[in-house]
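Hello,

Here is the structure we spoke of handing over. Please look through it alongside the notes below.

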Amino acid sequence: MIERNLKTLLKIIHLANSPSYSGAEFKEMANLISEEFGVENCRIYAMDTNCITLSLKAINDGGYSGEEISRYRIGSWLVGATASKKEIIEIGDISNATIEELALLDEADRYSFFASSPIVDDKTIYGVLYISSERPRSLSDKDKELLYAISQVIATSLREERFHTEAQKVAREFSILYEISTATMTTIKLDRLLHIILTAVTVGDGLEFNRAILLLVNERSNIIQGMMGVGPDSIEDAWKAWGEFSINRRGLLEIVSAQIKEGKVPSSRLNEIAKTIRLPLDSSCIVARTVREQRSFNVATEDEGQTISRELSEKLGLSTFASVPLMASGKVVGVIIVDNCFNKRPITDEDIRFLTMFANQAGLAIENSLLYSDINEAHLELKETHDRLLQSEKLAALGEMAANVAHEIRNPLTSLGGFARRLLKKLEGHTEKRYAEIIVKEVERLEALLTDILVLSRKSAGSFKSHNLNKIIDSTLHQLSGELKTKQVELIKDFSESVPNIDCDSQQLKQVFMNLFTNSIQAMQDGGTLTIGTYLITEAETSYVGISITDTGGGIPENYVSNIFNPFFTTKDTGTGLGLSITHKLVAHHRGDIELINRPGEGATFIVKLPIRHEESEIQEEL
Amino acid sequence: MKRILVVDDEENIRMLYQEELQEEGYEVTAASNGNEALDILAKAEPFDLVTLDIRMPGMDGINTVRAIKEKYQGLAVVLVTAYGEYKQDFSTWASDAYIVKSADLTELKATIKRIIG
């Protein structure tokens, strides 16, 4: 008998020493045990790492199997009680059982004999070994010793398996983190980066959350701003997405690239909602606290409703969720919110640990990206300023030169034209009169050109009075009515009646509008539509009147755009190239601004912005 | 007959103004710079009006206006120049009129007529 006991124990030890990691050896053990003790049922339960639930690991061949016996909480029923007491419990015959004993039995109607033994090593409980049979029996001390010895062997086996699972998990985490870091390094663009991060949090072989929302901290405005959300909109979408991603087992980058190509993410409703979230940093909401306290929260119970802002709970339907800070150089740059609203899988501390690890890496990548875009922005701004400076310097230099030339030319031109006029009088009645006429005409043209140049180069004062811009525009249009008709240009006036009077030199503004309108009309050689609008703009506490002049003349060729305000630049056969330069100068003289919105192939819109009030001192100084 | 002194450093302009203004019925004398103009004003019979170019070698038009207005308060001065921006120069305010030089003398003639008839 002892020999048999020893043989069984040796066999079990042998099984324990050659782990299959598929659980096959546990079934074999259960078979051996049921045979050894002559019972119909032998089951091995394994404890989870949180020491809460015991789940069925193996059952002997021919033993009873049913859903109801697959899982026990610690402390409940026979299996749970064995785990919490950490000692063998035996009920030899159900007909003699006490009420306390009966309370432990959920299979009392089926069997008479029950025994269970804790699977423990020195301190940790790894599971419970359970046997039962229809026929009553009683365990001898030897039997109990054997049962206990077997349990200890199974303990080494379960521990071994636990280490193995743990090691595999760590290896998997490392490979996921590696893949994420590789993926985040492929881009410096924030949008793409956030997309990669959130996909990693939600895909099947990533962190496996149902939904993830990323928010970034805006320190200037003290808010937390939703940036992007990734996740299915409904449970149907969820099943489809999970199927797709876990079956394919594609790499993270591949999934993200595919989604971008398919335009999937921006169209998700969650993403649209996520972008509208704005949460004050000082709010009592968990998400704001995640930033302030630099730690993660796992809101597991649904009754903690008041800890989350109404905006979040209403827009996202958040109840059970986790919120993890995105850290970069010791600072919180953002927050990732995750939940499992579709499959209701509880978020474990393990999940949070992994998500935190991931968030630190993601935080760094985001900070890099933000720094990059800051630098890029500053660079663009600098370039723009530089260009503007160059433009104004060029204008000044050109203007000065033009003025000097104009002065030198004016004197000889005066005598040339003056004497031609005298000739004109003397040649009355002669055929040669028309030669003199030609000279007079040409000199007039040159003088007009000189006047334009002088307007450009000098700091004209003009007389500033309060005028209604709509009226000035109307009177300019009146002068052009003939031209509009012959060119078959339809005029649309979209004047705002609420435009207030502005301090301006009406003559100068007339010239501004005359130049702009004439240009637009000339751009529409085959007819078209000229739309003129006036409206009120308020920018940085200053009010402006805006005037937009839109034509359908095909726009300005891209390569000309940077030159249009330069003096002597023209695309017209007969133009002087001074019209827009003068316009620019006169608008600048009113402390206004002029800009071009060019739509090549369609048309161009010039927008003139004029401030309503001139600073008193400025006017004084100029007059 | 009203007497006009034309001051300009360009000989052609002097000739043009002289001929045109004589045809308008004025007696016209010419000077080529400010100093010469002041000499003539001091020696010759009184004038009714002076047309002054601004940029001239020697004494320029602005200084000449000042000198004339100090000595001959009743004498009208018309500045005729290619330099548009002088219109904003306070020194030119002493003159009775300011005209931008042009081959078309209509404005000049009209101005003179308005001042001295």
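This is a predicted model: local features need pLDDT of at least 70, side-chain atom pairs count only at pLDDT 80 or more; totals for chains, interfaces and linings use all residues.

Residues are numbered from 1 along each chain as its sequence is written, chains are lettered from A and ligands numbered from 1 in the order in which they are written, and side-chain values use heavy atoms, with hydrogens and water left out.

Cores

A nonpolar core here is a set of buried Ala, Val, Leu, Ile, Met, Phe, Trp, Tyr and Cys residues joined through side-chain atoms within 4.5 Å. Buried means under 20% relative accessible area, exposed over 50% and partly exposed in between, with a 1.4 Å probe and protein chains only. The largest such core has 37 residues, and A:Leu509, A:Phe513, A:Leu516 and A:Phe606 are among those with the most contacts inside it. Elements of chain A that each supply at least two residues to this core include α15 (469-479), α17 (506-523), β17 (542-550) and β19 (603-611). Helices (H or I, at least four residues) and strands (E, at least two) are DSSP runs, numbered from the N terminus. The most comes from α17(A), with six residues. Another core, of 31 residues, lies apart from it and includes A:Val324 and A:Ile352.

Contacts (heavy atoms within 4.5 Å) of A:Leu516 include A:Ile549, A:Leu580, A:Ile594 and A:Phe606, leaving aside residues up to four places away in sequence.

Strand β19(A)

Nine of the nine residues of β19(A) are buried, so the strand is largely enclosed by the rest of the structure. One side carries A:Gly603, A:Thr605, A:Ile607, A:Lys609 and A:Pro611, the other A:Ala604, A:Phe606, A:Val608 and A:Leu610. Two strands pair if DSSP finds at least two bridges between them. β19(A) pairs in the antiparallel sense with β17(A) over seven bridges, and A:Thr550 stands opposite A:Thr605. β18(A) also pairs with β19(A) in the antiparallel sense over seven bridges, with A:Ile594 opposite A:Val608. Their hairpin has three residues between the strands, and A:Gly601 takes a positive phi near 90° there.

Two residues

A:Thr518, in α17 of chain A, counts as buried at 18% relative accessibility. A polar atom of its side chain lies 2.4 Å from the backbone oxygen of A:Met514.

A:Ser415 is in α13 (residues 349-426) of chain A and is buried, at 5% relative accessible area. A:Ser415 touches B:Asn12, B:Ile13 and B:Leu16.

Regards

Conventions
A polar contact is a pair of N or O atoms within 3.5 Å; within protein, one must be able to donate a hydrogen and the other to accept it, and residues adjacent in sequence count only if both atoms are side-chain atoms.
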